[in-house]
Amino acid sequence: MRAGVCVAGSALVLTPVTLTGCGSGGARSVDVVTQAARKTSQQSSEHMTIYATIQTGGRRSTVRGSGDFRNHPLVGRMRLDAGAVGAGDITMDEIVSGRVAYLSSDGFFGELPPGTQWMAVDYATSSGAGTAAAAGQTPLEGLAQLRAAGAAKKIGDEDVDGVQTTHYSVTIDPSRIPAKAARRAYRSVDVWIDGRGLVRQEMLAY
């Protein structure tokens, strides 16, 4: 599973896909998306790659990483590389246990108490701005949002890493997001579903 994430403060850096009327085809698309999210979340584990762009304080940075996750209970580990315009690159190690991400990075030097190498972030309640919030994206986090789809439109068939998928543009219904999931304000969500009905790629902007 891949995930593309845009994290921003007041400015968003991704242009959302415009949704039009949702006749009977739109209703069926919602069912396909929510069923794919449910089926994928029931898998025992995923390998995940992530690419994020972050716009905050007038500065744009990028985050790339990959890692592996077990779903029930949720545990995982990722390695991320972050770079900002006008600043040096940093690396970050992330260990996820439930709703908490434990982060260690060379970019934290001088920012944490002496002798401290890790910090804990509850990504379910984070503000959604900054590298730590991008790190907190997990497969189950994104799938929980998809299960709250209120409308969906089929865009077409597309190839994702050599796998044939169907691309959908989705509108999230905040009232359907589980209380234990992060309630971020998503501006656009796109998802690519393979022939087995599993989510292969997801792109979020908030």
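Biologist: Why does T165 count as buried?

Modeller: T165 has a relative accessibility of 1%. The term buried applies under 20% relative accessible area, exposed applies over 50%, and partly exposed covers the range in between, with a 1.4 Å probe and protein chains only; T165 therefore counts as buried. This is a predicted model, in which local features need pLDDT of at least 70 and side-chain atom pairs count only at pLDDT 80 or more, while totals for chains, interfaces and linings use all residues. Residues are numbered from 1 along each chain as its sequence is written, and side-chain values use heavy atoms, with hydrogens and water left out.

Biologist: Where is T165 placed, and which residues is T165 in contact with?

Modeller: T165 belongs to strand β9; helices (H or I, at least four residues) and strands (E, at least two) are DSSP runs numbered from the N terminus. Contact means heavy atoms within 4.5 Å. Beyond its neighbours within four places in sequence, T165 meets G156, D157, E158, V160, W192, I193, D194 and R200. The T165 side chain also reaches the backbone oxygen of E158 at 2.8 Å.

Biologist: How do you know that β9 pairs with β8 and with β10?

Modeller: Two strands pair if DSSP finds at least two bridges between them. Strand β8 (residues 149–160) and β9 share 10 bridges in the antiparallel sense, and β9 and strand β10 (residues 188–194) share six, also antiparallel. The hairpin of β8 and β9 has two residues between the strands, and D161 in the turn has a positive phi of about 55 degrees.

Biologist: What makes β9 mostly covered?

Modeller: Seven of the 10 residues of β9 are buried.

Biologist: Which residues touch the most other members of the largest nonpolar core?

Modeller: A nonpolar core is a set of buried Ala, Val, Leu, Ile, Met, Phe, Trp, Tyr and Cys residues joined through side-chain atoms within 4.5 Å. The largest one has 34 residues, and V33, L146, V170 and V191 touch the most other members. Apart from neighbours within four places in sequence, L146 is in contact with V33, T34, A37, I172, V189, V191, V199 and E202. In soluble globular proteins, nonpolar side chains tend to be buried together.

Biologist: Why is R147 called partly exposed?

Modeller: R147 has a relative accessible area of 37%, a value in the intermediate range, and is therefore partly exposed. R147 lies in the loop between α3 (139–146) and β8.

Biologist: What joins the side chains of R147 and S41?

Modeller: They are joined by a polar contact of 3.5 Å. The term requires a pair of N or O atoms within 3.5 Å; within protein, one must be able to donate a hydrogen and the other to accept it, and residues adjacent in sequence count only if both atoms are side-chain atoms.

Biologist: How do you know that D93 forms a salt bridge with R79?

Modeller: A salt bridge is a side-chain nitrogen of Lys or Arg within 4 Å of a carboxyl oxygen of Asp or Glu. The closest N and O atoms of D93 and R79 are 2.8 Å apart, so the pair meets the rule. This pair links distant parts of the chain, with D93 in strand β5 (residues 90–97) and R79 in strand β4 (residues 75–84), 14 residues apart. R79 is partly exposed, at 42% relative accessibility.

Biologist: Which residues are linked in a network of salt bridges?

Modeller: The network consists of D194, R196 and R200. For R196 and D194 the closest N and O atoms are 3.9 Å apart, and for R200 and D194 they are 3.9 Å apart as well. D194 is buried at 8%, R196 is exposed at 54%, and R200 is partly exposed at 27%. The count comes to three salt bridges.

Biologist: Where is confidence lowest, and where is it highest?

Modeller: The predictor's confidence in each residue is pLDDT, from 0 to 100. By mean value, strand β1 (residues 2–8) is lowest at 42, and strand β9 (residues 163–172) highest at 91. The chain mean is 75, and 71% of residues reach 70 or more. Values stay under 50 over residues 3–25 and over residues 128–132. Where pLDDT is low, the predicted coordinates should not be read in detail.
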